[in-house]
Structures are given as C-alpha cells and as structure tokens.
Amino acid sequence: MSGPRILTVDDEDLIRWSLKERLSAAGYEVHEAETGARAVSQCESGVDLVLLDYQLPDTDGLTLLGKIKTLDPDILVILMTGHTSVETAVEAMKQGAYDYVNKPFNLDEIEMLVAKALETTRLRREVKALRQGVNGTYGFDQIIGESPAMHSVKELLQRIAASPGSTVLLTGESGTGKDLAAKAIHYNSSRADGPFMNITCSTIAETLLESELFGHEKGAFTDAKGQKKGLLELSHGGTVFLDEIGEISPALQAKLLRFLEDRTLKRVGGHADIRVDVRVVAATNRNLEEAVQKREFREDLYYRLRVLPVALPPLRERRGDIPLLLNFYIDRFNHEFRRNVKGVTPEALKALEAHNWPGNIREFKNAVERAMLLTTNDTLGPEDFLMLAPRQAAEPGAFRLPADGIRLEDVERDLVRQALDLAKGNQTRAAALLGMNRDQIRYRIEKFGFDKPPN
C-alpha cells in the first residue's frame, strides 16, 4: 500500500532527485514536476502535499500556489525559495501556504516538516469525514415521510436551514421528532461548522438552569468556585436547542426574552454584556397559547420564540408514512442486529396502520426494535408487536400456583435477565423490551447483582 502522495516542484534536477530519494525512503509516494503546468496536471490526479519552488520557468510560486488552492483547498503547500523576503513569506501564508523553507535546506528538517504537514492533512480529513457523517445522519432524507403533512414540514425546515439565524419554535406531541428537526436545521445550515448545544429544560433544577444557560462568575453563589461559560455563550456561531421550553420559570423567561431581543447576556453574578451569535431553536409539547392565557408563559416571549413556527404532525395524522418508516427501521435494525427480516405480513401492516400511536415515532421505533429482537421469523406478524398481540383472558382454573408459591421478585429477576440476554447486554434496548427507562432497569440490574462479575 503506497504512502501519502507528495509532489516536488522545482526546475533543478538535483533538488528533485534529493527530495525524492529522502522522502521515498521515509515511505512516501513522491512525484516530480519541473514546471508550473506539469505541477497543475499532477495535482489534478490527486496529491496530499506539494513542495513548491518559488521560481519556475513558466510561473512563480505564489501564482501557482493560488492555482493549487483553487483546484483543491485541502492540498498543503510548503514553499521553497532562495530569495525569501518577509513580504513574500507573509503573502504566501495569506494565500494558504502551510509553511516555507529557505534554500539551501536541511533534508532532516524537510522530512520533519513534511511529517508534521501530513499529520495536519490527516486530522483535517478525519474531521471532514466525521462532519460529513454527522451531516448525513441529520440530512433531510433522514426525516422519513412523503405524506402531504410531512412534505410541507420538510420543505419548511429546508427553507429555515437556508435562512439567517432567526429563532425557531418546534411544536408537537412527544415523540414526533422535534430533536431530529432541530439537528436537521443546524447541520444543513451555514452554522453546521459551529457547535450544536442541546438542553432539556425540564431535567435541570430551576436554580441551576440559569447558570447552565447563561454561565456564572466566580463567587456568584456558594458553589461557584470559578468562572463558567453558559451554553448560550458556548454555542457562539452555532445553534442551541432548548427542549421543553414551556417548563422554564417566569424569572428565566424574562432573562431569555432579553437575550433574544438584543443577543447579549450577562453571566450570573456578572456585569459585562456579552454579545453572542447563536440561533435558538426551542421545542415544546405544551400548548403555549393556552399557557399564555393562563399567565403561565410570557406572551412577549412566546411571540419572540415563534418567529419561525413549525408544527410536527402526530403519526396518527400521517398513517400513510408507516410503510416507509417500517422499511427504514427494518433496514436499520437488520444492519445493527445482523438480522435478515424481510418485512411484515399484510395483517401486521394493517394493524400497525390502525394503531393510534400515542408515543408517535419514538413508540413506533421502539416497537419495531422490540419485534426484531424477539422474533424468530424472517417476516414480522401481529404477534411480534407487543401492542398488537391479542390479550386473551385465562379460563377459570387454567393457571395454578405451585404448592410453594411464586415469588414476584424471582419473576422480575428472570425477565430482566432475559431482556439483557436478548439485547446482548445493551441496557437501553433491554429497557425498551420491558417498557422501562434506563434508570428503572439500572436499578434492577444493581438490585439483582447483574452488574457484578460472577464468582
């Protein structure tokens, strides 16, 4: 397997030969060019780094540097010259040169500089690949649905993502995908390179939430042993997602309103105004209009939040999307669980489309995951879905306790053990199988000693 591709551009044969000998011995794939035209042609074939002479027969280094960067901004260029001036070096760095060296140069120093530059390239490409992966995970194609309601929602989210940083209010029942919509807005916007901060307002004590959002200065309260930046400040250049916004206190509502009006904040205990460039995406499953009428939520904050309102429909209002959602989750869990489930029976599909889905997409996803973990068939039937399984009343006398009785704790222990076995130790999946949350199953895992190694 060949190493990183390096191009040496110099009209002196001896310099090109020396560099090729040394860098090839270090494991690099080295190519040569004696003119600017030849260098451009080589770069079009793909290189990782260019060692570029400042003076060439058909052009100069700065002009060629600009052409290389236009061709591929990720190619790193080290300028080599025997006529370096401060102005030349500064201009080279402005145009995107990684570094420059003076001739005559030391081959040991060149090799070290090349290694450092290529490590920078590797890290940049890893970050770029990770970012592309994140962007793909939260692309609009991951919001599944072709019903008229979802088609309108996706079109609106795309327009919002392409707009400046106006505030967004996502409304809808629990489980309708408000968090996914918020991430889609962020990762498909000009803010995608900035941070995405997510905070669920109802899970943090009122006394701590203000500090989490706005930060605090040292000594602002008893435990404030140092300065801390809040999530709004840390989100500068990006997006902050305030989930369950309807649960914040009146005092915090007033402070958030001030921030939304002038985009400045004061840390708790601080006096300086800090200007922050951040898009706020808020979400709630409460009816904020009713909360405003009951004086539980500020009217001025409500209208400041809903500059760009998006209402996410419940699954029962978009039943035509259920076959698409089924295919999406079956494909996902086939890959994740290494299964080969081909689909569902017509009876199961009809029953799934008729179900009310009070938990919406979250409930639907958990139902498919549970079915695929438990089924022994390659096609899912109604019996594989817990909410669809018929509830049959036992005949009188059909069930008999053994003489010594059954301890409920033993049944519970056995169910938890089976769920963990089916989920291969994954606590989140085991909890879903039992209709629990992670805290509830963790308590039982500790209670029954499943977290301890066997003797």
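**Helix 13: extent and faces**

How many residues does helix 13 have, and how far does it reach from its first C-alpha to its last? In this predicted model, helix 13 comprises 16 residues, 322–337, and spans 21 Å between those two atoms, close to the 22 Å expected at 1.5 Å a residue. The buried residues of helix 13 are Ile322, Leu325, Leu326, Tyr329, Ile330, Phe333, Asn334 and Phe337. Viewed down the helix axis, these buried residues fall within an arc of 155°, so they line one face of helix 13. Asp331 and His335, on the other side of the helix, are exposed.

The cover over the buried residues of helix 13 includes strand 15 (343–344), helix 14 (346–354), helix 15 (360–374), strand 16 (379–380) and helix 17 (427–434). After helix 13 comes Arg338, which has a positive phi, near 55°.

Tyr329 has a relative accessibility of 7%; because the cut-off for burial is under 20%, Tyr329 counts as buried. Phe333 is buried as well, like Tyr329. The two residues lie 4 positions apart in helix 13, which means that about one helical turn separates them.

The model holds 9 aromatic pairs in total. In one of them, the ring centres of Phe328 and Tyr329 are 5.2 Å apart and the planes meet at 80°, so this pair is edge-to-face. A single aromatic cluster is formed by Phe328, Tyr329, Phe333, Phe337, Trp357 and Phe364.

Elsewhere in the model, 5 strands make up an open sheet with parallel pairing, in the order 7-10-13-6-14. Its edges are strand 7 (196–200) and strand 14 (308–311), each of which pairs on one side only. From one strand to the next, the twist averages 15°.

Strand 6 (residues 168–171) and strand 13 (residues 279–284) run parallel and are joined by 4 bridges. Thr171 has Thr284 of strand 13 as its bridge partner.

**Helices packed on the sheet**

Helix 6 (residues 148–162) packs on this sheet and touches strand 6, strand 13 and strand 14. The direction of helix 6 makes about 155° with that of strand 14.

Helix 7 (residues 178–187) also packs on the sheet, where it touches strand 6, strand 7, strand 10 (239–243) and strand 13. For helix 7, the angle of about 155° is made with the direction of strand 6.

Definitions and conventions. Residues are numbered from 1 along each chain as its sequence is written. This is a predicted model: local features need pLDDT of at least 70, side-chain atom pairs count only at pLDDT 80 or more; totals for chains, interfaces and linings use all residues. Side-chain values use heavy atoms; hydrogens and water are left out. The expected span of a helix is 1.5 Å times one less than its number of residues. Buried means under 20% relative accessible area, exposed over 50%, partly exposed in between (1.4 Å probe, protein chains only). The arc is that of the directions from the helix axis to the C-beta atoms. Contact means heavy atoms within 4.5 Å. Two strands pair if DSSP finds at least two bridges between them. Axes are lines fitted to C-alpha atoms, for helices over the stretch in contact, and angles run from 0 to 180 degrees between N-to-C directions. Rings of Phe, Tyr and Trp (its six-membered ring) pair if their centres lie within 6.5 Å; planes under 30 degrees apart count as stacked, over 60 as edge-to-face and the rest as tilted.
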